[in-house]
Amino acid sequence: MEKQASKDPLHGITLKVMLEQLVNYYGFDTLGELIAINCFKSNPSINSSLTFLRKTEWARKKVEELYIHTLPKL
């Protein structure tokens with residue numbers, strides 16, 4: 001039997017990889033404009049952003065949506 005490939009674009013992508021790719025593509029300044037959360041605006045770093053996003057589901061969903069929207073450009 002062959003395994004079915006997942007149709008979920010986030011399948012196998014960690015939050016860290018997602019965030020690193022978004023920061024490389026947009027930078028924290030533009031991310032802070034696109035998603036208005038303080039972890040992107042005030043003294044941003046990958047680690048502090050990951051800590052916040054792992055605890056805050058609504059913010060993580062916004063990052064995931066932006067990643068899916070940006071995926072064809074990456």
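What share of the contacts in the protein with a separation of 6 or more comes from residues 24 or more positions apart? The share is 52%, where a contact means heavy atoms within 4.5 Å.

## Getting your bearings

What you see is a predicted model, in which local features need pLDDT of at least 70 and side-chain atom pairs count only at pLDDT 80 or more, while totals for chains, interfaces and linings use all residues. Residues are numbered from 1 along each chain as its sequence is written, and side-chain values use heavy atoms, with hydrogens and water left out.

Helices here are DSSP runs of H or I with at least four residues, strands are E runs of at least two, and both are numbered from the N terminus. Along its principal axes, the C-alpha trace spans about 50 × 25 × 20 Å.

## Inside and outside

Of the 74 residues, 34% count as buried. Buried is under 20% relative accessible area, exposed is over 50%, and partly exposed is in between, with a 1.4 Å probe and protein chains only. The accessible surface comes to about 5,300 Å², and 49% of that belongs to carbon and sulfur atoms. Those areas come from the Shrake-Rupley method with a 1.4 Å probe, and for residues only the protein chains shown count as cover.

## The nonpolar core

In soluble globular proteins, nonpolar side chains tend to be buried together. In this model the largest nonpolar core holds 19 residues, and Leu19, Leu22, Leu31, Ile37, Phe40, Leu53 and Val63 touch the most other members. A nonpolar core is a set of buried Ala, Val, Leu, Ile, Met, Phe, Trp, Tyr and Cys residues joined through side-chain atoms within 4.5 Å. H1, helix H2 (38-41), helix H3 (46-55) and helix H4 (57-70) each supply at least two residues of this core. The largest share, 8 residues, comes from H1.

Take Ile37 as one way in: leaving aside residues up to four places away in sequence, Ile37 touches Phe52, Leu53, Trp58 and Ala59.

Met18 sits in helix H1 and is buried, with a relative accessible area of 2%. Not counting residues up to four places away in sequence, Met18 touches Leu10, Ile13, Val63, Glu64 and Tyr67. Met18 and Ile68 are 50 residues apart along the chain, yet 9.5 Å separates their C-alpha atoms.

Tyr25 also has its place in helix H1 (residues 15-34), but Tyr25 is partly exposed, at 39% relative accessible area. Together with Leu71 and Leu74, Tyr25 forms a nonpolar patch on the surface, with about 250 Å² of accessible area in all. Patches are made of residues with over 30% relative accessible area and no salt bridge, with like charges joined within 9 Å and nonpolar side chains (Val, Leu, Ile, Met, Phe, Trp, Tyr) within 5 Å. A salt bridge is a side-chain nitrogen of Lys or Arg within 4 Å of a carboxyl oxygen of Asp or Glu.

Ser49, Leu50 and Leu53 are the buried residues of H3. They lie on the same side of H3 because they cover an arc of only 100 degrees around the axis, taken from the directions from the helix axis to the C-beta atoms. H1, H2 and H4 are among what covers them. On the other side of H3, Asn47 and Lys55 are exposed.

Asn43 is in the loop between H2 and H3. Asn43 is exposed, with a relative accessible area of 69%, and its phi is near 50 degrees, a positive value in a residue other than glycine.
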